[in-house]
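Open the model in your viewer and keep the selection panel at hand.

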Amino acid sequence: MPTPAALLDLVTVHGPWLLFLLAVLETCFVTGLAVPSGVATSLAAAVALERGTSFVPVALAAIVGGAIGDSLGFWIGRVGRRHWEGGGTRAAMRVRQVRAGASRWFGRHPFLSVTLARLVSFVRTIMPMAAGMSDLAYRRYLVYELPGVVVWCALYMAAGSAAGQGWSWAREALGAAGALVLVALLTALVWLARRRRGPASVRRSRPGRP
């Protein structure tokens, strides 16, 4: 997975086209586990804010790419299910069990399993294929999937815009060097807070001595 700095350079150079490709790759197959399309969306929004350009190309690239990736993932799961579930092998029996469980979950809770799942990192990577392996109809899948893509895009673009605004404010108030120092201090405070919370949680989870 590329570092945020390298990803920012790529987004700055290639813009919405790279974002579109990452959005497709994240949910079309399991390769999405290594594709940071959400981070790329935030970075693209921050770059657009910095340059004073429109957010529309960023939003269109993320939403259209995400919708295409979700559809590809769905049909990979659907075609794979038809290919794998035939016969009496253990693998085929396992696929039929997965299909039955997925069908119950997606049929009873489509909003949770599709719309909200689209907002959760890693979960959205496998959700389209899981939906395709269930008995959920593609049209019904789209009804719940498309709002999830739009909300996902809006959340990451809002995060990128907020980060860009905060950086611009800090740079104007403190200068570039001062802004970098402030970011470093905040990062150190978050790291220290997590280290202190970790041992405390371990102590609370230990059983008391007799």
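**Whole chain**

Of the protein's 210 residues, 37% are buried (under 20% relative accessible area, 1.4 Å probe, protein chains only). This is a predicted model: local features need pLDDT of at least 70, side-chain atom pairs count only at pLDDT 80 or more, and totals for chains, interfaces and linings use all residues. Residues are numbered from 1 along each chain as its sequence is written, and side-chain values use heavy atoms, with hydrogens and water left out.

Show the surface. Its accessible area is about 12,600 Å² (Shrake-Rupley, 1.4 Å probe). Carbon and sulfur atoms hold 70% of that.

Switch to cartoon. There are eight helices and zero strands (DSSP runs: H or I, at least four residues; E, at least two).

**Second largest pocket**

Select Glu26, Val35, Pro36, Ser121 and Arg124. Of the 14 lining residues, these are the closest to the centre of the second largest pocket. A pocket is an open set of 1 Å grid points where a 1.4 Å probe fits, with protein on both sides within 12 Å along at least five of seven lines; lining residues have an atom within 4 Å of a point. The space here is about 160 Å³, counted as the volume filled by probe spheres set on the points.

Now select 37–51 and 123–133. These are α3 and α7, and each gives the lining at least two residues. Which helix supplies the largest share? α3 does, with three residues.

Finally, colour the lining by class: seven nonpolar, five polar and two charged residues.

Definitions and conventions. Ala, Val, Leu, Ile, Met, Phe, Trp, Tyr, Cys and Pro count as nonpolar, Asp, Glu, Lys and Arg as charged, and the others, Gly among them, as polar. Buried means under 20% relative accessible area, exposed over 50%, partly exposed in between (1.4 Å probe, protein chains only).
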